[in-house]
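Dear colleague,

I am handing over the structure below, and my notes on it follow. Please read them with the model open beside you.

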Amino acid sequence: MFYGDTIAAISTARGKGGVALLRISGPDAIFVCEKVFLPKSGKPLSQYAPRTAIFGSILAPDDRGAWNEIDNGLATVFRAPASFTGEDTVEICCHGGILLTQTVLTACFAAGARAAEAGEFTRRAFLNGKMGLSAAEALGDLLEAQTREQLTLAHAGTDGRVERKCREIYDALCAVLSSVYAKIDYPDEDLADMSREEMEASLAECSARIEKLLDTYRTGHAIAEGIPTVICGKPNVGKSSLYNRIVGRDAAIVTDVEGTTRDVLTEVASLGRVTLRLFDTAGLHETDDVVEKIGIDRARKALADAELILAVFDGSVAPDEEDNALAASLADTNATVIAVINKSDLGVVKEDFYTSHFSHTITLSAKDGEGLEVLSALVESCFINGELDTKTDTVLTNARQKGAALTALEAINRAREGLAYGLPVELCCSDCEAAMQAIAELDGRAVSEDIVSHIFSHFCVGK
Ligand code: GDP
């Protein structure tokens, strides 16, 4: 699919820098750039071989419309379809001043381009078949990555590995369907169709492949999306100290004054290979303080959405009624709960209280960091499949991918149940088609416009 219009944007971040990169993409990209960029050689830009860096003058119109040189720089031409977007594209490298880059961009508009929308270059790449939807999502994750583990996983996904797995499953389903339909359409021909057993085996294989993919989501989710994690406990047990220890800086105020943390603080941090979307909360206890009460309400809401709860206790003193109440209130949660027995530097009393209430306990000192490594390892073992290699294996990284894979699995399993029940093969075909549709949504071949718009709206302008 090719668009009629040509877009331009500054692709580097806004700010002062040594160099900045502007991108122009669309059918008139080279025509637009020829007005803005004059090669020093005098040879027109359009006559250069693609993918060569060309040195030249960068021009922009003044108030009276006269075009003057405002900078020197490099231009690189990419010819459709061998470009990121799949369209004719020119990249201009100029010096990185804020006014300068804005002036060059305005010159591109004066020459006929229009302003690119957020994510529009990548959206064009996707719509022109240069990348699948999961690869585009991985690219978005790469730009958003805040931890090293997220970087590794996102980079791996940009090579289209999810799409390749989808293609294998899609083709296997397609083979099953075409065999059935060929027999229905040409009953008199001696077509090499699949036997019922072969069909069952092929569907079982597809189902196993999707289950394997789905199994990766827990790890992908823990790294890419991050685990909503709440640190909770009574006042003064060391919640903020633990929060600071995990985020690696003094983000939360630590005092021995009760009720210091009144609102929910939040930050992205990594613990081992797991990304935590970490919430430090107000100490859970009875209070008449209006502001603290609001904080405690918010803490309870954060707890309800948490997938990991770090329940902090002051291990140096005997557990009291409030500790008992906290342990009881966490007994039925769906989240993974780790009891953090803090202040180990002061000694631990009544350790059996914690082991009797929680399946995961850890002794540490938030003050000096002792025990944090063990907490990291425990969190990692709860959320990461150590056998997965995120550099080489295919990993599902977001809820959209998981949802589509689950829909495909359910449809295939319905078809398998039908076959096992003895239904005619034709009757199982609509489930196979539904599975193919879900796989096509997963890799983006048949995804709704709304979903595509939603995904690309999260990209920055210029990407
Ligand atoms: P919060 O109210 O639960 O957030 O607790 P804070 O993190 O504000 O800590 C309360 C007090 O306990 C402060 O004086 C901290 O310095 C102290 N504290 C926190 N963690 C430790 C620890 O591991 N060992 C010791 N000895 N003191 C700690």
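Ala222 is a residue of helix α8, which spans residues 217–225; helices here are DSSP runs of H or I of at least four residues, strands are runs of E of at least two, and both are numbered from the N terminus. Please bear in mind that this is a predicted model, in which local features need pLDDT of at least 70 and side-chain atom pairs count only at pLDDT 80 or more, while totals for chains, interfaces and linings use all residues. Residues are numbered from 1 along each chain as its sequence is written, and side-chain values use heavy atoms, with hydrogens and water left out.

Ala222 counts as buried because its relative accessibility is 0%, where buried means under 20% relative accessible area, exposed over 50%, and partly exposed in between, with a 1.4 Å probe and protein chains only. Leaving aside neighbours within four places in sequence, Ala222 is in contact with Tyr217, Ile227, Val274, Thr275, Phe383 and Ile384, contact meaning heavy atoms within 4.5 Å. The C-alpha atoms of Ala222 and Cys382 are separated by 9.8 Å, although these residues are 160 apart along the chain.

For the chain as a whole, the secondary structure comes to 16 helices and 13 strands, and 48% of the 463 residues count as buried. Of the contacts with a separation of 6 or more, 67% are between residues 24 or more positions apart.

Turning to a helix pair, the axes of α3 (residues 120–127) and α16 (residues 449–457) come within 9 Å and cross at roughly 140 degrees, the axes being lines fitted to C-alpha atoms over the stretch in contact and the angles running from 0 to 180 degrees between N-to-C directions. That angle makes α3 oblique to α16, since angles under 35 degrees count as roughly parallel, over 145 as roughly antiparallel, 65 to 115 as roughly perpendicular and the rest as oblique. On the α3 side, Thr122, Arg123 and Phe126 meet Glu449, Val452, Ser453 and Phe456 of α16.

Some backbone details in the loops also deserve a look. Ala80 and Pro81 are joined by a cis peptide bond with omega of about 0 degrees, and Pro81 lies in the loop between β5 (67–78) and β6 (89–96). Arg51, in the loop between β3 (37–39) and β4 (53–61), has a positive phi of about 65 degrees although it is not a glycine, and Arg51 counts as exposed at 55% relative accessibility.
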